[in-house]
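Welcome! Here is a friendly tour of one protein chain, taken one topic at a time. Keep the picture in view as you read.

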Amino acid sequence: MANEILYTKSIPITHEVDVFIAGGGPSGVAAAVYAARMGKRVYLVESTGSFGGAATTMLVPAFMQFSSGPYFLAEGIGREVFEYLGKRSPACYNGYAPYSIPVEILKLCYDEMMTECGAEFSFFTSVLDVIKAEGKIDSVICSSKQGIFAVKAKMYVDCTGDGDLSYMAGAECKKGDDKTGEMMAATLCALWEGTDFSRATQPQRAFLEDAFRDNVFTNIDRHLPGMWRIKDGVTGSNVGHIYDVDGTDSDSLTDAMIAARKQLREYRKYYREYLDGYENMELVISAQQIGIRESRRVTGEYVMTLEDFVNRATFDDEIGRYCYPVDIHAGRNTDEGYRTFIKDYEALRYSAGESYGIPYRALVVKGLDNLLVAGRCISTDRYMQSSIRVMPGCYITGQAAGTAAAIASETACAARDIDVKRLQKQLKSMGAFLPNCED
């Protein structure tokens, strides 16, 4: 039997609020802002020093699409962010790689949103545990520089990306492939300077095979998402996969960070020596966290599936629509894994104007009365997770979860029992794109 100790300590309850939110990524910010704008007492904890999640702590260089072409699907918080960045960093939206992310401006955008809406929040604060009773969360235990403390809320929203709060509460969760448990490879993103964009016109994959023959890379990885132009001379990289990473295991993440930083040197060599315009490119900073594409998926009252994607599904309890293609990065560094990725990515995508609906039930955690989930870990299969996981999708589910939590907190009903028509009407009044819902 493993050694163990019994640890008991009285801790203060520092916050009693209507809505508690774990995680300050795009879904967490959206949830907090919408709940606070409805006049609810909101408290959000974020383990890092900024809002933004993948965009700010993982340096993912670009948003995926906000629109389906004719329709702006991420209306609401997504529109606010899009317009804020467009005004303050117009170069990111005029002629450069679409939807590039100016990291520091985005941080300020989120800071202003959160302070203006009146929500309380703490950086450098993590959820340690959950106290549960009779199918409900009674309180959450948090840790910060001040020590360990408890928070009580009427409603809780899991926006951790990894489903941490739900997992601690005993919710059913799945990870990766249902048969093998294999999860998508991770990537350590970074910022670089010194690119001459006037000459950087070749396809970035153009000389990969030459570099493989020249033993530039430790791993022969044919999947190269590439560099994104952020501003003159500055690029953001989404290059290099690290395989067999479990985003819910700190030892696995530690090993991944070490391997990924080493691998960035290999991509530096490739870009500088094989591609025009990158000869003077130099690494400025790599992200403080590796980019995790997939970990836990929390089981909800409804599980979205590939069939919903293929059918362009519409739901009676729809809280938004989205359109990003199925994008399952291979979990193994093999030619077969890469071919499967290409096949799915090319086949499972939409034409302009097409989208799928997101049901409210996919945000309602099964078996818990006062817990909702938003962001990349909502209730889906792997195919749908690979589409909804990107930032505009997180805005859509986050604002819906925050609004639903606000409604449930004032009506004292279980999350699954709220008036969905009221939810939809409230979301539409706050800007959400819900074309299939009556006013």
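This is a predicted model: local features need pLDDT of at least 70, side-chain atom pairs count only at pLDDT 80 or more; totals for chains, interfaces and linings use all residues.

**Two pairs of packed helices**

- Two packed helices are described by the angle between their axes and the distance between the axes.
- On the α2 side, the contact is made by Ile77, Glu80, Val81, Tyr84, Leu85 and Arg88. On the α3 side, Ile105, Leu106, Leu108, Cys109, Tyr110, Glu112 and Met113 take part.
- Sorted by class, the contact of α2 with α3 has 10 nonpolar, no polar and 3 charged residues.
- Now look at helix α1 (residues 26–37) and helix α10 (residues 391–411), which pack at an angle of about 35° with their axes 7 Å apart. The crossing of α1 and α10 is right-handed.
- From α1, the residues Pro26, Ser27, Ala30, Ala31, Tyr34 and Ala35 meet a set in α10 that consists of Met391, Cys394, Tyr395, Gly398, Gln399, Gly402, Thr403 and Ala406.
- The contact of α1 with α10 has 9 nonpolar, 5 polar and no charged residues.

**Strand β6 and its partners**

- Strand β6 (residues 147–158) runs parallel to strand β1 (residues 13–22), and 8 bridges join β1 to β6. To find a spot on this pairing, look for glutamate 16, which stands opposite lysine 152 in β6.
- Strand β5 (residues 136–144) runs antiparallel to β6, joined by 5 bridges. Here serine 143 has isoleucine 148 of β6 as its bridge partner.
- How many residues lie between β5 and β6 in their hairpin? There are 2 residues between them.
- β6 also pairs with strand β15 (residues 371–373), in the parallel sense and over 3 bridges. In this pairing, aspartate 158 stands opposite valine 373 in β15.

- β9 and strand β10 (residues 234–238) run antiparallel and are joined by 5 bridges. Methionine 227 stands opposite serine 237 in β10.

**An enclosed strand**

- Is strand β13 (residues 318–322) buried or exposed? Here 5 of the 5 residues of β13 are buried, so this strand is largely enclosed by the rest of the structure.
- β13 pairs with strand β14 (residues 356–359) in the antiparallel sense, over 4 bridges. Across this pairing, glycine 320 stands opposite isoleucine 358 in β14.

**Two residues to look up**

- Serine 67 lies in the loop between β2 (42–45) and α2. With a relative accessible area of 17%, serine 67 is buried, because buried means under 20% relative accessible area.
- Leaving out residues up to four places away in sequence, serine 67 touches Phe72, Leu73, Tyr99 and Cys323.
- From C-alpha to C-alpha, serine 67 and alanine 2 are 52 Å apart in space, and they are 65 residues apart in sequence.
- Valine 234 is found in strand β10. With 22% relative accessibility, valine 234 counts as partly exposed.
- Valine 234 is in contact with Trp192, Phe197, Trp228 and Arg229, leaving aside its neighbours within four places in sequence.
- The C-alpha atoms of valine 234 and valine 45 are separated by 32 Å, and these two residues are 189 residues apart along the chain.

Definitions and conventions:
Residues are numbered from 1 along each chain as its sequence is written. Side-chain values use heavy atoms; hydrogens and water are left out. Buried means under 20% relative accessible area, exposed over 50%, partly exposed in between (1.4 Å probe, protein chains only). Two strands pair if DSSP finds at least two bridges between them. Axes are lines fitted to C-alpha atoms, for helices over the stretch in contact, and angles run from 0 to 180 degrees between N-to-C directions. A crossing is left-handed if the near helix is turned anticlockwise from the far one by less than a right angle, and right-handed if clockwise. Contact means heavy atoms within 4.5 Å. Ala, Val, Leu, Ile, Met, Phe, Trp, Tyr, Cys and Pro count as nonpolar, Asp, Glu, Lys and Arg as charged, and the others, Gly among them, as polar.
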